[in-house]
Structure formats: C-alpha cells, structure tokens
Amino acid sequence: MRRGHVVTALVRDSRRLGGTSARVTEGDALDPASVARAVAGQAAVITTLGPVATSPPELCSRATRILVQAMQAHGVRRLVMVTGAMVGHPRERLGLLYRLMLALAPGSFRERLEDRRRSERIVQDSGLDWTLVRPPRLTDDAPRGRFQAGEDLGLSSWARMPRGDLAWFLVDEVERGQWRGRAVAVAEP
C-alpha cells in the first residue's frame, strides 16, 4: 500500500478482487477459523462488511461478533468499522430523502438496518479501541482528497463520497485515532 502498510484482505472470492498488493486470504466472515487466520498478527482491523440482497438476515451482527472474538483472542485492539449514515447517525442530521427512506423502508430493509445497529453495539461494548465510520452513498468517482467528518455532520439527501476517499479516511483513522471511541459521519464537503 502507498502509505507503507502491509494489508491482509479477507475475501470470499479472490477472483473478484482484481489486482492488489494486499495479501489475500479467502474465507467467510461467518467462519471463525477464516476470521482468526486473517486477524492473527495484525496491528489493526478495518472492516467494510455489508449485506447484499442474498445475505443472511443477521450477517453483520454475527460476523462482527466473530471478528471481535478473534481480535480479543489474538490481542488485536484497534478496530475501524464502516456501517453507514442511516445506521446510527442522528436522524435530525440526515437530509429529507434519508429520513423518508427510513420512514418508508420495507421490512427487510429495516431488519438489515437493525442488524447493522446491533453490530455497532457489539463493537461499542467490545472493550476494543474502536471507531465507527458512517459514510453516505459511496461512489466510484475518482478520489478528490477532500472530505469532512463529524459526529454531528449534516448529511444532505445528495451526500456522497468516493470509495477512494473513504479508504484514505479509514487508514488515516487507524494511524491517527482522531475519532477513537466515537461514531463519525464522513462525506464530501
């Protein structure tokens, strides 16, 4: 990685990963042995796990519990976890579209949000050195090298963030720990 870190990535299917300088470990986030292999010897963990339509209903909370247990067993203390703006950011700081989506969301969407909220609580109760990161809609736009962050950051209905800028923020948070023990929203300015 350009910032001098050696990265280990736990992925289900390495063929979908593309070219990377990371050490790749194939496995399943719900398999304690796979997670333990990926966590062992690491200085910190960044998790970006999120559900897709075919995911089990409790994917995030189950995987987070397994991850926390592996980190505790291997003495890895630093955890930066990406959830999402609608997961736990203060409702009054979300734009109208976000609030409407929360109010009108179908049951399956609400279940996935509640699962993500359980994940956040597991991390907050873990005793680890954690940061929760809540981005808005992520894009494949080129990174701009600018973003804003805050616990009470206002996120408009059109808030977004390039994935590359989110990646930069995540590594920066591991290195600097500005938001230790807090949940922070990030977005383009």
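Leu96 lies in helix H4, residues 96–104; helices here are DSSP runs of H or I with at least four residues, strands are E runs of at least two, and both are numbered from the N terminus. This is a predicted model, in which local features need pLDDT of at least 70 and side-chain atom pairs count only at pLDDT 80 or more, while totals for chains, interfaces and linings use all residues. Residues are numbered from 1 along each chain as its sequence is written, and side-chain values use heavy atoms, with hydrogens and water left out.

**A nonpolar spot on the surface**
- Leu96 has a relative accessible area of 52%, so it counts as exposed (over 50%; buried is under 20%, and partly exposed is in between, with a 1.4 Å probe and protein chains only).
- Together with Leu100 and Leu104, Leu96 forms a nonpolar surface patch with about 320 Å² of accessible area (by the Shrake-Rupley method with a 1.4 Å probe, where only the protein chains shown count as cover for residues).
- Patch members have over 30% relative accessible area and no salt bridge; nonpolar side chains (Val, Leu, Ile, Met, Phe, Trp, Tyr) are joined within 5 Å, like charges within 9 Å.
- A salt bridge is a Lys or Arg side-chain nitrogen within 4 Å of an Asp or Glu carboxyl oxygen.

**Helix H1 and its covered face**
- In helix H1 (residues 32–39), the buried residues are Ser34, Val35, Ala38 and Val39.
- Viewed down the H1 axis, these buried residues fall within an arc of 125°, so they line one face of the helix (the arc uses directions from the helix axis to the C-beta atoms).
- Their cover includes strand S1 (8–11), strand S3 (44–47) and helix H2 (59–74).
- Just after H1 comes Gly41, with a positive phi of about 85°.

- The largest nonpolar core has 17 residues, and Val39, Val45, Leu67, Met71 and Leu79 have the most contacts inside it (a core is a set of buried Ala, Val, Leu, Ile, Met, Phe, Trp, Tyr and Cys residues joined through side-chain atoms within 4.5 Å).
- H2 gives the most to this core, with five residues.
- Beyond its neighbours within four places in sequence, Val45 is in contact with Val39, Leu67, Met71, Val76, Arg78, Leu79 and Val80 (heavy atoms within 4.5 Å).
- A second, separate core of twelve residues includes Leu94, Leu113, Leu153 and Ala187.

**Arg23 in strand S2**
- Arg23 is found in strand S2, residues 23–26, and its 47% relative accessibility makes it partly exposed.
- Arg23 and Val7 are 16 residues apart in sequence, with their C-alpha atoms 6.1 Å apart in space.
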